[in-house]
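Please examine the sequence and the three-dimensional structure shown here.

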Amino acid sequence: MNHISQLIGCGSYLPEQVITNEELAKKVNTSDEWIAARTGIKQRHVAKEGEYTSDLAYEATLRAMEHAGVDASEIDLVIVGTTTPDRTFPSVAVRIQARIGMTAGVAFDVQAACSGFIYALSVANDMLRAGTAKTALVVGADTLTRLLNWEDRTTCVLFGDGAGAVVMRAAEVENKSSANRGILSTHIHSDGKLEDLLYTDGGPSSTQGIGQIVMEGPEVFKHAVRNLAEVVIEALEANDLKDDDIDWLVPHQANKRIIDSTARKLKMPQEKVVLTVQNHANTSAASIPLALDQAVRDGRIKKGDLLLMEAMGGGFTWGSALVRW
Ligand code: ACO
């Protein structure tokens with residue numbers, strides 16, 4: 001028998017406040033035309049004052065638990081991918097643990113910037129397969145707008161806030177590749193040498209503040225295109241699959257041009273790519289589970305579909321997950 005983990009439910013949450021490109025253009029020297037043409041973004045959701053990452057994560061969690069039909073007493077692992085915790089400590093994960101009334105098990109955050117959800121999913125997958133836990137809640141949640149310099153048009157137009165969550169369960173199957181649902185593989189990577197291309201100019205130990213995002217956009221773009229092309233090929237080869245075996249590409253939503261480039265590499269038509277960047281902008285660790293939840297709830301993603309998720313973020317960090325839904 002093979003030990004695998006299965007995704008058994010999903011949920012997501014976006015803050016109510018929406019800021020359109022036109023509204024942003026009243027505050028910084030930009031335009032809807034520029035933002036839409038270069039990124040595909042039309043609007044973003046922004047958390048209101050007093051609304052924190054854990055609040056968004058909690059709402060997404062409740063929806064995922066309801067969708068999966070699990071109770072807090074069944075969950076014994078919570079991993080939150082986030083770069084914007086409410087407080088430096090404790091983690092967002094323990095705050096979620098307390099709010100859902102879970103008393104046993106373990107909860108912690110994973111920090112991998114925009115790859116946070118893929119990293120969290122990968123760690124949970126390994127723990128479930130190893131028997132360390134039986135039922136996991138994996139959340140991607142960020143309020144990246146709190147890290148923005150709203151006068152820097154090269155960064156402030158790109159990001160939004162949100163949260164997405166999945167419930168995962170350990171299972172035993174005879175053959176992993178023919179299992180009717182489950183994670184077939186995860187691959188995660190990092191390269192700390194390129195930190196200067198994307199970082200925050202502060203943090204608890206250096207400035208005792210949180211800092212703001214600094215980015216060499218065109219350089220990040222080039223690395224994203226290259227790393228994501230490599231990681232999707234790595235996922236296919238590891239599973240002996242071909243491009244057209246994939247039913248849905250569920251990518252991190254940073255920039256439509258980066259997504260288009262990965263889709264071209266996979267020879268995937270637009271109709272098989274879940275795209276939310278136009279409405280959400282880049283929600284960092286939240287973007288993949290937000291996109292997944294949207295496509296599951298509107299009926300596009302169906303039981304048994306093969307999904308390829310991929311992300312790249314500050315660090316650099318990048319990775320993929322191949323999932324039979
Ligand atoms: N509005 C209007 N003009 C702008 C804006 C703006 N918001 N931002 C920059 N410009 C100007 C620049 O000043 C420049 O002007 P110049 O030619 O007079 O010097 C011109 O537009 C072109 O700027 P570039 O930076 O070369 O534009 P590019 O086509 O590379 O697009 C962008 C910039 C959108 C940031 C792109 O490089 C990108 O998306 N990079 C990836 C960044 C990213 O996604 N980061 C998120 C984290 S990592 C991840 O999630 C993958």
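Strand β8 pairs with strand β13 (residues 317-324) in the antiparallel sense, over eight bridges. Two strands count as paired if DSSP finds at least two bridges between them. Strands (E, at least two residues) and helices (H or I, at least four) are DSSP runs, numbered from the N terminus. Within this pairing, Ser 185 has Leu 322 of β13 as its bridge partner. The model is predicted: local features need pLDDT of at least 70, side-chain atom pairs count only at pLDDT 80 or more, and totals for chains, interfaces and linings use all residues. Residues are numbered from 1 along each chain as its sequence is written, and side-chain values use heavy atoms, with hydrogens and water left out.

Both strands belong to an open sheet of four strands in the order β8-β13-β12-β11, with mixed pairing. Because β8 (182-190) and β11 (248-251) stand at the edges with a single partner strand each, one side of each has no neighbour in the sheet. From one strand to the next, the twist averages 15°.

Helix α5 (residues 116-130) lies across β8, β12 (306-313) and β13, at about 125° to β8. Helix α7 (residues 217-238) also lies across β8, β12 and β13, and runs at about 145° to β12. Such angles run from 0 to 180 degrees between N-to-C directions, with axes fitted to C-alpha atoms, for helices over the stretch in contact (heavy atoms within 4.5 Å).

The structure holds zero disulfides, a disulfide being a pair of cysteine sulfur atoms within 2.5 Å. Cys 114 is in none, and its nearest cysteine sulfur, that of Cys 156, is 16 Å away.
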